[in-house]
Structure formats: structure tokens, C-alpha cells
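Here is a short briefing on one protein model. Keep the sequence and the 3D view open as you read.

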Amino acid sequence: MITAEENDLLCRVENGAPMGQMMRRHWVPVCLAEEVPEPDGTPVKARILGEDLVVFRDSEGRVGVLDEQCPHRRVSLVFGRNEEGGLRCLYHGWKMDVQGNVLEMPSELAASRVAEKIKHKAYPVKEWGGLVWAWMGEKDAMPEFVPPPWAPTAEVRVSIVKAVLPANWAQILEGAIDSAHSSSLHSSDMVPAKVQGAEATDKAWLRPSTDKAPRLQVQRGGYGFRYAAIRRPIFDAETHDYVRSTVFVAPWTVLIPPNNLYNVANVNVPADDTHTNFYFIAWGHPSQTPETETWRKFLGQTVGVDLDAYYRPLRNFDNRFWQDRQAMKAGNFTGIKGFPNQDIAMWTTMGAIADRTHERLGASDVAVVQFRRQMLEALQAFRDGGQAIGTGDNAIPGSVCAYQSVIPKTTDWRQFEARYVWPGAQEATENDNGYLVKA
């Protein structure tokens with residue numbers, strides 16, 4: 001249990017909140033690259049860390065991330081004309097390029113040279129891994145963009161589900177690092193089976209254990225931490241453990257134990273204090289990783305079917321998340337299709353910001369407690385002048401990855417040699433960041 005003050009420090013990111021300031025020391029995912037697919041296409045609204053932004057792709061294919069409000073009279077640029085190398089406001093025709101330069105002011109006399117004196121807020125941008133990223137911190141502190149662990153090289157296939165959720169980022173991330181809940185909440189989709197390790201089918205994920213009460217152990221790092229959920233395996237339970245090792249990469253990423261075909265991650269970017277841009281990611285070799293539409297259909301996260309045009313879930317509290325009580329009577333544990341939807345139901349019913357002062361935690365909450373403690377300690381160190389968690393020398397090494405395996409009880413899970421799922425990984429080499437690349 002944490003105090004109300006600590007809960008606010010952990011959760012709130014708007015209006016100069018310390019957590020939001022620390023997050024700005026990282027490159028921030030702003031939206032899917034597919035949301036701005038073509039030059040001179042429709043601008044897109046994004047909300048990140050309490051800021052309203054407009055994203056557009058200009059005539060040359062460059063992506064701009066600007067303050068949504070026009071610098072002139074503060075009307076929305078989302079409705080502007082995207083044309084001839086810039087975004088033009090409808091109100092008086094002011095036109096800004098991707099760097100925030102004011103190119104034209106039709107309503108002003110040319111001799112006034114007002115445009116030269118005004119710079120609109122614009123953020124440096126990088127496209128990578130299917131996302132548009134922005135540097136929202138101080139420009140003189142901007143580091144080189146480093147690919148995230150779930151998109152280490154350009155040859156990796158990345159398939160992404162996006163959902164904008166009415167819940168604080170921290171309670172969503174806590175769900176991702178909570179291995180114990182999967183044996184209950186997801187028990188109809190993550191099914192115990194007589195397999196040698198986690199396997200993926202087109203309908204479910206199989207796992208070699210019926211154990212619902214894992215033993216949890218944590219190992220801290222400068223980037224965050226990794227932990228093991230240790231369960232009894234179906235085979236060789238006397239001599240082996242089934243280990244699922246999850247990695248928390250501060251401030252908002254979780255590397256989830258993979259299956260036999262592809263790797264899994266999620267990224268939880270605060271839109272503001274009470275909303276989160278949730279990305280659920282399959283990544284790996286193109287021959288084994290589902291394509292984007294297949295991934296979204298599998299998870300029940302298809303735009304126009306499960307989500308509206310703005311990625312907001314159509315399932316909600318008022319319609320009971322489309323829960324099928326007849327399916328529950330027939331044996332389905334939740335009656336909710338798609339395990340992200342099962343999670344979303346839990347996260348959003350906690351309230352927009354969960355009141356952690358009334359929780360009663362148990363042994364299965366070790367990783368959740370570790371997340372809160374480490375982030376609050378990191379926040380204090382940052383406020384005292386230290387570097388942000390997970391940056392600089394404390395960035396996650398390429399050798400750290402999530403894994404699942406049945407291993408001998410005599411093997412320490414921390415020393416187990418794990419690599420992300422990639423065909424022929426044993427023949428692969430490592431690049432400068434420590435990530436596997438094709439040999």
C-alpha cells in the first residue's frame with residue numbers, strides 16, 4: 001500500500017508533474033505511423049502527457065508533431081489544410097512546416113515580417129517500428145534515438161494494436177507485469193496443455209503448467225527490472241521449474257514472455273492523468289509473426305469492429321464489455337473475448353486513477369510493489385538532479401530479454417541464457433546494441 005501523495009507522484013503527468021518531466025527525458029511514442037499514411041493527408045490529433053498535438057505528413061513525406069493550437073488565435077490545426085510543404089490554419093491561413101517555421105501569413109502585410117519573429121512549438125520526430133516518436137524534452141538534452149527492444153532492427157516485423165483507454169498509465173502497466181493474474185483472468189485464452197513450452201495457435205496461447213500461484217523473484221537494473229514467475233510444470237515437476245521472466249523497461253514498456261513463434265511487448269504512454277495510449281505488440285521474424293490485421297483480429301482489437309475510429313474501445317462498463325454470461329456458464333472464465341479486453345475491463349473498473357491506499361496486497365504482487373518502489377525512488381533521484389531512469393548508461397542492455405522455459409531446478413533463472421524468439425537465433429550475431437541480427 002502507498003500513500004495518497006505517493007499515488008499522485010506515480011500517476012500524474014500533466015502540468016509539469018515530476019513523473020511527466022522524467023518521461024520527457026525519453027523519446028515518446030506519439031501515434032501509429034499508419035495514422036499519417038500519405039503526404040498531404042489528413043492531420044491527426046494526439047494527446048501526450050497532457051499536451052494536445054497535431055501530427056501530419058508533409059508533401060515530402062516528413063512527419064511533423066506540432067502544438068495543436070495555431071500560434072495566431074489558438075484554433076485547432078487538426079482541421080487545417082495539409083498542402084505544399086506545410087499545415088495551413090483555416091482561420092486566417094497561417095502556414096507552418098514540420099519544424100514549426102511560419103511559412104505564410106496571408107492576413108498580414110508582407111512588409112511587416114511578422115513571420116520571421118514567430119516560431120510554433122514543434123518536436124523533433126523519428127519514425128521507427130510502426131510508430132511516430134517525438135522528443136518532448138529540452139532540445140539541448142536530446143539524445144540520439146535508439147531502437148526499442150521490441151523493434152531492434154529494420155528487418156523485424158512489428159504488428160501493433162492501439163487502444164486509447166480511460167485509465168491511468170500506471171495501473172495498465174501494473175497489469176502487464178502481474179504474471180499471477182493470467183492464470184485466472186486469461187485462463188480460457190492462455191490454456192494449460194501438455195506442451196514443452198509456451199505455444200501459439202490461431203485461437204489460444206498454450207502453456208505447460210496448471211499452477212495458479214507462482215513464486216515471484218525480482219532482479220533490479222538501472223533500466224527497470226526483470227522478474228521470474230516460477231510455476232510447477234506439467235512434465236518433470238520434481239526436477240524442473242516453468243519460468244516466465246518478464247522485463248519492465250522504464251518508464252512505460254513491458255517485455256512479455258514470448259511463445260514459440262514470436263515475441264510480445266506492450267507500451268503504455270500517458271495521454272494525460274486519466275487516459276493512456278496502450279500499444280500491444282507482436283514482434284519477430286516475418287515468417288512467424290502475425291501480420292497486423294491478423295494480430296488485431298486475434299486480440300479483438302479491430303478498428304470499426306472493436307474500436308471506434310479514434311481507437312477507443314466499443315466495449316465499456318455501460319455495455320458490460322460485451323460479456324457473454326452464457327459462454328461463462330459453458331466454461332469460459334470471463335465471457336469477454338480477447339485477453340486485452342479482459343485486461344481493459346479490469347483496468348478501467350479500478351477508476352480513472354486507482355486508489356491504491358485501500359489495496360490489500362499479497363505475495364503475488366511482488367512485481368507490482370517493485371514497480372512502484374523503483375519508480376518513486378527514480379523520481380526522487382531525478383528531482384535531486386540525477387539522470388532519468390533507463391537513460392544514458394542505464395539504458396537496457398540488448399542481452400536482457402523476456403523469456404519462458406522449463407529449466408532444471410538447479411539453474412538460476414537469472415543466469416539462464418535467453419534470447420528473443422527468432423528462427424536460427426543460435427547462428428545469429430549481435431549488433432552494436434547487443435541485439436541479434438541475421439548472421
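Helices and strands here are DSSP runs, numbered from the N terminus; a strand needs at least two residues. With that in hand, β19 (253-256) and β20 (263-272) each supply at least two residues to the lining of the second largest cavity. Remember that this is a predicted model.

**The largest cavity**

- The structure holds three cavities of 30 Å³ or more.
- The largest cavity has a volume of about 260 Å³.
- Its lining is made of 22 residues. Nearest the centre of this cavity lie Gly175, Ala176, His181, Met190 and Ile256.
- Several elements each supply at least two lining residues: α3 (169-176), β15 (205-207), β18 (240-249), β21 (275-284) and α6 (339-349).
- Helix α6 gives the most to this lining, with four residues.
- By type, the lining of the largest cavity has 11 nonpolar, seven polar and four charged residues.

**The second largest cavity**

- The lining of the second largest cavity divides into 11 nonpolar residues, two polar and no charged.

**A four-stranded sheet**

- Four strands form an open sheet in the order β5-β6-β7-β8, and their pairing is antiparallel.
- Which strands stand at the edges? They are β5 (81-83) and β8 (102-104). Each has a single partner strand, so one side of each is left without a neighbour in the sheet.
- Strand β7 (residues 95-96) is joined to β8 by two bridges, and the two strands run antiparallel.
- Lys95 has Glu104 in β8 as its bridge partner.
- As a general rule, strands of a sheet pair through backbone hydrogen bonds, either parallel or antiparallel.

**A three-stranded sheet**

- Another open sheet has three strands in the order β13-β15-β14, with mixed pairing.
- Its edge strands are β13 (190-192) and β14 (199-200), and each pairs on one side only.
- Two bridges connect β14 and β15, which run antiparallel.
- Find Ala200 and look across to β15: Trp205 stands opposite.

**A helix pair**

- Helix α1 (residues 4-11) packs with helix α7 (residues 366-383) at an angle of about 75°. The two axes are 10 Å apart.
- Angles of 65 to 115 degrees count as roughly perpendicular. The helices α1 and α7 are therefore roughly perpendicular to each other.
- From α1, the residues Glu6, Leu9 and Leu10 take part in the contact. They meet Phe371, Arg372, Met375, Leu376, Leu379 and Arg383 in α7.
- The contact of α1 with α7 has six nonpolar residues, no polar and three charged.

**Two backbone details**

- Most residues other than glycine have a negative phi, and most peptide bonds are trans.
- Is the peptide bond from Ala250 to Pro251 cis or trans? This bond is cis, with omega near 5°.
- Pro251 sits in the loop between β18 and β19.
- Leu49 has phi near 55°, a positive value in a residue other than glycine.
- Look for Leu49 in the loop between β2 (44-48) and β3 (51-57).

Technical notes. Residues are numbered from 1 along each chain as its sequence is written. This is a predicted model: local features need pLDDT of at least 70, side-chain atom pairs count only at pLDDT 80 or more; totals for chains, interfaces and linings use all residues. Side-chain values use heavy atoms; hydrogens and water are left out. On a 1 Å grid over the protein atoms alone, a cavity is a set of points where a 1.4 Å probe fits but cannot get out, and a pocket is an open set with protein on both sides within 12 Å along at least five of seven lines; lining residues have an atom within 4 Å of a point. Grid points are joined across faces, edges and corners, and a volume is the space filled by probe spheres set on the points. Ala, Val, Leu, Ile, Met, Phe, Trp, Tyr, Cys and Pro count as nonpolar, Asp, Glu, Lys and Arg as charged, and the others, Gly among them, as polar. Two strands pair if DSSP finds at least two bridges between them. Axes are lines fitted to C-alpha atoms, for helices over the stretch in contact, and angles run from 0 to 180 degrees between N-to-C directions. Angles under 35 degrees count as roughly parallel, over 145 as roughly antiparallel, 65 to 115 as roughly perpendicular and the rest as oblique. Contact means heavy atoms within 4.5 Å.
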